[in-house]
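These are my notes from a first reading of the structure.

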Amino acid sequence: MSVLDIRDLNLTIGSTPILKNVSLSVAPGEILGLVGESGSGKSMTALAVLGLTPPRATMTGDIRLNGRVISNAPDALMQQVRGREVGIVFQEPMTALNPVMTIGDQVAETVRLHRKVSRKAALAVARSVLDRVGLPADRFPLTRYPHELSGGQRQRVAIAIAIALTPKLLIADEATTALDVTTQAQVLDLLKRLVREDGMGLILITHDLAVVAETCDRLAVMKDGELVEAAPVGRIRTGMTHPYSQRLLANATHAPVRRSRPQAGAAPVLEVQGLVRDYGGAPVLFGKSKTFRAVDDVSLSIQPGESVGLVGESGCGKSTLLRAILALEPPQAGRVRVKGRDITAARGAALKTIRRDIQVVFQDPYGSFDPRWKVRDLVAENFHLLDTRPAPSEARRRIDEMLERVGLNSSAADRYPHEFSGGQRQRIAIARALITEPSVICLDEAVSALDVSVRAQVLDLLADLSDRLGLSYLFVTHDLSVVRTVTDRLLVMQAGKIVEQGETAAVFAAPSHPYTQKLLAATPDLVRNHALEKETVG
Amino acid sequence: MTEVVALSPSTAARARWPLSLVVGLILTAGVIATALIALVWTPYDPAAVDIAAKLTAPSAAHWMGTDHFGRDVLSMIMAGAQNSLIVALVAVGVGAGVGTPLGLLAAARGGWIDELVMRGNDLIFAFPALLLAVMITAVMGPGAINAIIAIGVFNIPVFTRVARGAAQGLWTREYVLAARTAGKSRALISVQHILPNLMSLLIVQAAIQFAVGIVAEAGLSYVGLGAQPPAPSWGRMLAEAQTMIGFAPWLAIMPGLAIFVTVLGLSLTGDGLRDLFDPRVRRER
């Protein structure tokens, strides 16, 4: 018998259909990967199972948990179901835990909500569950607080809370998305082990096909509230049937066509020498305050037309390095030269002149624009860097031209940023960066927050712009799968230092530093699997 | 920490006005209208002494009664509204006008400038407004100007703190970083990006400080440090009513009610504005 059986689930909010005829089932000990882009309805499906749909939602269809119908069940029953029969782990481990409660109390709380046991007994259960999720007593006593743990450890606590009562079904909603690749691999291993040991069913909700390919038994692809494909996970390799699933896979492994090659002999457009960036600790009354070295003697250079990837896990110092390169923060030592001019020493008009040549696109397509400004004014902001600003009519013409060049309509100029989708906003950000015709563009996780289809389009745009304008890129990212297809060279950063650099293909084929090897091994790799499969089939 | 909410123009237009804002604005408008009418007309001359009619209880002739000099209480309250509103308004203006730029400066520059501004702030904060008013009076003699200066100075650190705290959060936003890579100076970014995104917060704070200012003015007048007779003042009316509360309670109740209505109106306006500008509250409605 299936743990979970959903038949013809329909859900509407107001008059908007959110889920359309969704049918799926999960068997004991099975891992189902629920895949789709944002807004496809995958999270709403999970919330429907938990009876946590929004108040104005109306639902029809059948949800059976261990044979019992729970669709539209009263809240009192669902409170019993949640936690005891279905556990859930969310994306953000920091907000899922209560910061002022110890981890032991948080796990024990779930136990005591559902079982009439003493606090002591509940804490004993908490101890054994925390042991199971890989948080042993000697290093992680029950009295620890969430802020004392790393992101991966917090996610383990969240998993411990979810499985404390050995539910028959566990739902992990993007539970590893916010984690670094090595941590993600460990948490996925943990989930697999728990499923095997307890015979639980697991629904792994994710946007990442590679994670599904490496973790799940079956996959279900959702698009616009519909389940378009349900198949064994091997289908990812042998070929999925629905055009949308095929497109999803193609986009996930998308490699933009790049015609231009970096000019090897030319003078570098960006040159970083011996850069050091310290963060001061809290000031102390006597003696020197402790400092933290975020960037430690980093050197790199980028040739005209070259695309360089800088990868590393969170906290490795890559964002700090980027801010120092952009002269947003002063370095303690070292030099950054843009086309031979030192940006770290420049001030005033000289700095403005250098800034024309180096621009940036940030990660968050929502946070990178002042919400009160129109697109025209946002793009025009960089005209501030020019000695003589173009006349209003000339500025208007150049902005319209630039918006069209990045694939937007010129009518976009008179709208506000919130009227655009994430992908369109990244195009606006690229237009803003390009308006002064720079030589280097730094991309700070610029495609990480985008859906794969949008990501593929933005990567194509970047490749095309590089070909036509001879642009160089510095891709700063934690996601190895992004840089693989779009960069010529790769720099790997760990604890403030560059530990490995080389041609991208060479680094992927034969990583020399142990950290790079670890990073590559942990990265779910759709490209390699896919290519291998094609070779053997062809 | 206060979270700054970015308000997009079209969502603002779509949002429904909270009930507290509507009620608050009606009350406040009533008080302002009263003050304006008092400029051209009051039932009696608020300074006219009529001993024959002294200590009349509220009646058709004197709606709010008369005091021990036979002055009409309604006329005095109407005329006093001007005094209270002007003192509070100018004091909030001084506080916001000096405090906000200081807060923006502290957030933009950081380091020792931030430290200097904030420690100076602590100093003013720790200094009682009443003591300040006494000191000013000692130098300049009593008067409404004293009240304005004392309350205004007391408002400066409030606005500095609000502006600095919220601005610090905004300085780490990517759109501010983008403006910096566009070569804009910190002062220009403060004016173009930071201040507009703080506006909703500052307006709410101003409404709250306005209410506090009305009470503070009444308090200073009560102890004789505010507007001097014969200029009518709610606070002094309360002070004078003190000894007569047993047989002429309306003398205390009427100005008390005036203060109550004004402060309630302004507080509700402040609460309502906060709700209007906060999309999280808006969604729950």
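**Entry 1: a serine in chain B**

I looked up B:Ser84 and found it in helix H3 of chain B, which covers residues 73-109. I noted at the outset that this is a predicted model. Is B:Ser84 buried or exposed? Its relative accessibility is 0%, and because buried means under 20%, B:Ser84 counts as buried. I then asked which residues B:Ser84 is in contact with, leaving aside neighbours within four places in sequence. They are B:Ile214, B:Glu217 and B:Trp234.

**Entry 2: chain B as a whole**

I recorded 11 helices and 0 strands for chain B. Read from the N terminus, its elements run α-α-α-α-α-α-α-α-α-α-α. The C-alpha atoms of chain B occupy a box of roughly 75 × 50 × 30 Å along the principal axes. Of its 285 residues, 49% are buried. I also looked up the contacts in chain B with a separation of 6 or more, and 71% of them are between residues 24 or more positions apart. For the charges, I found 18 positive and 15 negative side chains in chain B, the centres of the two sets lying 12 Å apart.

**Entry 3: chain A as a whole**

The box filled by its C-alpha atoms is roughly 75 × 60 × 50 Å along the principal axes. Buried residues come to 53% of the 538 in chain A. Among its contacts between residues at least 6 apart in sequence, 69% join residues at least 24 apart. I noted an accessible surface of about 22,800 Å² for chain A, 51% of it belonging to carbon and sulfur atoms. Chain A carries 65 positive and 59 negative side chains, and the centres of these sets are 3 Å apart.

**Entry 4: the nonpolar cores**

I looked next at the largest nonpolar core, which has 57 residues. Those with the most contacts inside it are A:Leu130, A:Val133, A:Ile159, A:Leu219 and A:Ile236. Helix H6 of chain A, residues 151-163, gives the largest share of this core, with 7 residues. Another core, of 51 residues, lies apart from it and includes A:Leu408, A:Val447, A:Leu519 and A:Leu520.

**Entry 5: A:Ser23 and A:Asp8**

I found A:Ser23 in strand S2 of chain A, residues 16-26. With 26% relative accessibility, A:Ser23 counts as partly exposed. Not counting residues up to four places away in sequence, A:Ser23 touches A:Ile6, A:Arg7, A:Asp8 and A:Leu227. I also looked up A:Ala230, 207 residues from A:Ser23 along the chain; their C-alpha atoms are separated by 9.6 Å.

One of the residues touched, A:Asp8, lies in strand S1, residues 4-13. Its relative accessible area is 43%, which makes A:Asp8 partly exposed. I noted that phi of A:Asp8 is near 45 degrees, a positive value in a residue other than glycine.

**Entry 6: A:Thr166**

What is the phi of A:Thr166? I found a positive value of about 40 degrees, although A:Thr166 is not a glycine. A:Thr166 sits in the loop between H6 and strand S7 (169-173) of chain A. Its relative accessibility of 39% makes A:Thr166 partly exposed.

Conventions:
Residues numbered from 1 in each chain as written. Chains lettered and ligands numbered in written order. Predicted model: local features only at pLDDT ≥ 70, side-chain atom pairs only at ≥ 80, totals over all residues. Heavy atoms only, no water. Buried < 20%, exposed > 50% of the residue type's maximum accessible area, 1.4 Å probe, protein only. Contact = heavy atoms within 4.5 Å. Areas by Shrake-Rupley, 256 points an atom, 1.4 Å probe, with all protein chains shown as cover. Lys, Arg positive; Asp, Glu negative; His and termini not counted. Charge placed at Lys NZ, Arg CZ, Asp CG, Glu CD. Core = buried A, V, L, I, M, F, W, Y, C linked by side-chain atoms within 4.5 Å. Helix = DSSP H or I, 4+ residues; strand = E, 2+ residues; numbered from the N terminus.
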